[in-house]
Amino acid sequence: MNQTLLEAETKSHIPATPEPPLAPVHPRFAKPQRIAFVQACWHREVVQEARIAFLAEIEARHVPRSAVDTFEVPGSFEIPLHAQLLAKTRRYTAIVAAGLVVDGGIYRHEFVADTVIKALMDVQLRTEVPVFSAVLTPQQFHESAVHYEFFRKHFAIKGIEVAEACASTLHGLERLRGQVAAGIV
């Protein structure tokens, strides 16, 4: 009897194995989505981390990778024109831009970053195709292994965040357009 009591006592002190967290359940779209991802080639090895993370997260949100077309441009400054031309095709329900604007010491990088972001906002307002930005301008970026590694990880996080924003916005627009069509709004 003491043996059974000892076993029961020992078992009660063993923590239960926690259940793995449930995978998030994301809503499905009423209509198929098609997304254009425009990526700057300047510092490609850093910027591509946003695209890789975006593709994985957007697929988890029920947009297949085959529904995402990727386009490359030389630098971030060239992204807005591509975004505008892609939006005008009406083929895409959203456009995502990714780039890294760094202080090269020759020009004011803040000017480039500000111009790109304002132009992307202008594209979405004129075309009514949502445009999302993962065009980043760090305060400090040095051509070192430490900075490259830090910004690769940072761009991966931004890729996930831009996929979340894209999917949420597309769901919101689907609901809003349905309400407008039904005369509710």
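1. Strand 1 and strand 2 (residues 68-73) pair in the parallel sense, over 6 bridges. Two strands pair if DSSP finds at least two bridges between them. Strands (E, at least two residues) and helices (H or I, at least four) are DSSP runs, numbered from the N terminus. Ala40 stands opposite Val73 in strand 2. Between strand 1 and strand 2 the chain passes through helix 2 (residues 44-60), and this β-α-β crossover is right-handed. With the strands pointing away from the viewer, the path from the first strand over the helix to the second runs clockwise.

2. This is a predicted model: local features need pLDDT of at least 70, side-chain atom pairs count only at pLDDT 80 or more, and totals for chains, interfaces and linings use all residues. Residues are numbered from 1 along each chain as its sequence is written, and side-chain values use heavy atoms, without hydrogens and water.

3. Ile35, Phe37 and Gln39 point one way. Ala36, Val38 and Ala40 point the other way. In a regular strand the side chains alternate between the two faces of the sheet.

4. Strand 1 also runs parallel to strand 3 (residues 94-100), joined by 5 bridges. Here Phe37 stands opposite Val96, and Ala36 opposite Ile95.

5. The open sheet has 4 strands in the order 2-1-3-4, with parallel pairing. Strand 2 and strand 4 (131-136) are the edges; each has a single partner strand, so one side of each is left without a neighbour in the sheet.

Conventions. Buried means under 20% relative accessible area, exposed over 50%, partly exposed in between (1.4 Å probe, protein chains only).
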